[in-house]
Amino acid sequence: MIPRSKTWLTFGEAFDLPLVVDLRTAARALGLCPGTAYKLIHQGGFPCRLLRLGRQYRIPTADLLRALGIEERPVYPADLQAGADLAEQRHRAPEFEMEDYA
């Protein structure tokens, strides 16, 4: 398929999506125009699970990311270092409190 959307979602935008998205957002992520997305839905070929709410479609973000080949949110070394720093701060915090009271 030829991408029809002028701007695709970046990885950062994809990971900041809510739990469900509207059809336009899902189409943008997949590089489709909304008309093509509706056509795929009616043909039974849309690559994600759909939730029909009245006349609107919602797509679970987890299914959308899976269709894009993104199974899990990536962990970057900066995230690991930040987590280690936080754990170290929490580990040292009781020691400082103990010293202040001694």
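Helices (H or I, at least four residues) and strands (E, at least two) are DSSP runs, numbered from the N terminus. The structure described here is a predicted model, in which local features need pLDDT of at least 70 and side-chain atom pairs count only at pLDDT 80 or more, while totals for chains, interfaces and linings use all residues. Residues are numbered from 1 along each chain as its sequence is written, and side-chain values use heavy atoms, with hydrogens and water left out.

The predictor's confidence in each residue is expressed as pLDDT, from 0 to 100. The protein has an average pLDDT of 77, and 65% of the residues score at least 70. Confidence is highest in helix α3 (residues 34-43), with a mean of 95, and lowest in helix α5 (residues 77-101), with a mean of 60.

Three strands form an open sheet in the order β1-β3-β2, with antiparallel pairing; two strands pair if DSSP finds at least two bridges between them. Because β1 (20-22) and β2 (51-53) stand at the edges, each with a single partner strand, one side of each has no neighbour in the sheet. From one strand to the next, the twist averages 35°. Strand β2 is joined to β3 (residues 56-60) by three bridges, and Arg52 has Tyr57 in β3 as its bridge partner. Helix α2 packs on this sheet, where α2 touches β1 and β3, and the direction of α2 makes about 90° with that of β1. Axes are lines fitted to C-alpha atoms, for helices over the stretch in contact, and angles run from 0 to 180 degrees between N-to-C directions.

The axes of helix α2 (residues 23-30) and helix α3 come within 9 Å and cross at roughly 100°. The two helices are therefore roughly perpendicular to each other, a description applied to angles of 65 to 115 degrees. Contact (heavy atoms within 4.5 Å) is made by Leu23, Arg24 and Ala27 of α2 and by Pro34, Ala37, Tyr38 and Ile41 of α3.

Ile41 lies in helix α3. This residue has a relative accessibility of 12% and therefore counts as buried, the term for values under 20% relative accessible area (1.4 Å probe, protein chains only). With neighbours within four places in sequence left aside, Ile41 is in contact with Leu23, Phe46, Leu50 and Tyr57. Ile41 and Tyr57 are 16 residues apart along the chain, and their C-alpha atoms are separated by 9.7 Å.

Terms used. Angles under 35 degrees count as roughly parallel, over 145 as roughly antiparallel, 65 to 115 as roughly perpendicular and the rest as oblique. Buried means under 20% relative accessible area, exposed over 50%, partly exposed in between (1.4 Å probe, protein chains only).
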